[in-house]
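Good morning. Please look at the sequence and the model on the screen while I talk.

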Amino acid sequence: MLKKYLNITQKLLKYYLSSDRATLKSRVKVLSKQRRGDKIIILCNGPSLNKVDFEQLAQSGVDTIGLNKINLLFDRTTFRPTYILSINRLVIEQNRDFFKETKIPVFLERASAHELGIVTG
């Protein structure tokens, strides 16, 4: 079952990143090699996030990737994802100030981030 989950997760990440440029793919690839074998939870967006026990997730020690505007839930919990990923230009534009100021490592589509003056690792 875990192998099936990991395959689905890998396919999801490949699909999500397929429209992105080489730099973002390269950064994610380096990260995945560094963290090979570690568990990670991908937090997508939508109403199902209202059912997540973020305090339990924070205490679990499992790394997480928050997508897009995951920071919208920050006023409701002390939980913070390990990483944030966004390749949607509109989301990057709308969240520009947060992406510029956060201490959380962000993985953004490079061209949009550059146009908006956001410098990422």
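First, the ground rules. This is a predicted model, where local features need pLDDT of at least 70 and side-chain atom pairs count only at pLDDT 80 or more, while totals for chains, interfaces and linings use all residues. Residues are numbered from 1 along each chain as its sequence is written, and side-chain values use heavy atoms, with hydrogens and water left out.

Now the whole chain. The protein chain has 6 helices and 4 strands; helices (H or I, at least four residues) and strands (E, at least two) are DSSP runs, numbered from the N terminus. Read from the N terminus, the order is α-α-β-α-β-β-α-α-β-α. There are 121 residues in the protein chain, and 37% of them count as buried. Buried means under 20% relative accessible area, exposed means over 50%, and partly exposed is in between, with a 1.4 Å probe and protein chains only. Among contacts in the protein chain with a separation of 6 or more, 40% are between residues 24 or more positions apart; a contact means heavy atoms within 4.5 Å.

Next, the strands. β1, residues 40-43, pairs with β2 in the parallel sense over 4 bridges, where pairing requires that DSSP finds at least two bridges between two strands. I40 has D63 as its bridge partner in β2.

I65 has Y83 as its bridge partner in β3, and G66 has I84. I84 in turn has V106 as its bridge partner in β4, and β3 and β4 run parallel, joined by 3 bridges.

Which residues of β2 point one way, and which the other? D63, I65 and L67 point one way, T64 and G66 the other, and all are buried. In a regular strand the side chains alternate between the two faces of the sheet. β3 is covered on both faces too: Y83 and L85 are buried on one side, I84 and S86 on the other.

On to the cores. A nonpolar core is a set of buried Ala, Val, Leu, Ile, Met, Phe, Trp, Tyr and Cys residues joined through side-chain atoms within 4.5 Å. The largest one has 18 residues, and those touching the most other members are L43, F54, L73, I84, F99, L108 and I118. At least two residues of this core come from each of α3 (54-60), α5 (96-101) and β4 (106-108). Another core, of 6 residues, lies apart from it and includes I42, I65, L67 and Y83. Leaving out residues up to four places away in sequence, F54 touches L43, L49, L73, T77 and F79.

Now the loop between β2 and β3. N68 lies in this loop, and N68 has a positive phi of about 55° although it is not a glycine. Most residues other than glycine have a negative phi. Is N68 buried or exposed? N68 counts as buried because its relative accessibility is 14%.

F74 is in the loop between β2 and β3 as well, and F74 is buried, at 13% relative accessible area. Beyond residues up to four places away in sequence, F74 touches F79, R80, P81, F98 and I104.

Last, charge. A salt bridge is a side-chain nitrogen of Lys or Arg within 4 Å of a carboxyl oxygen of Asp or Glu. That rule gives a count of 1. The pair is E93 and R89, at 3.2 Å from N to O. Both sit in helix α4, residues 89-94, and they are 4 residues apart, so about one helical turn separates them. E93 is partly exposed at 36% relative accessibility, and R89 is partly exposed at 34%.

That is the end of the talk.
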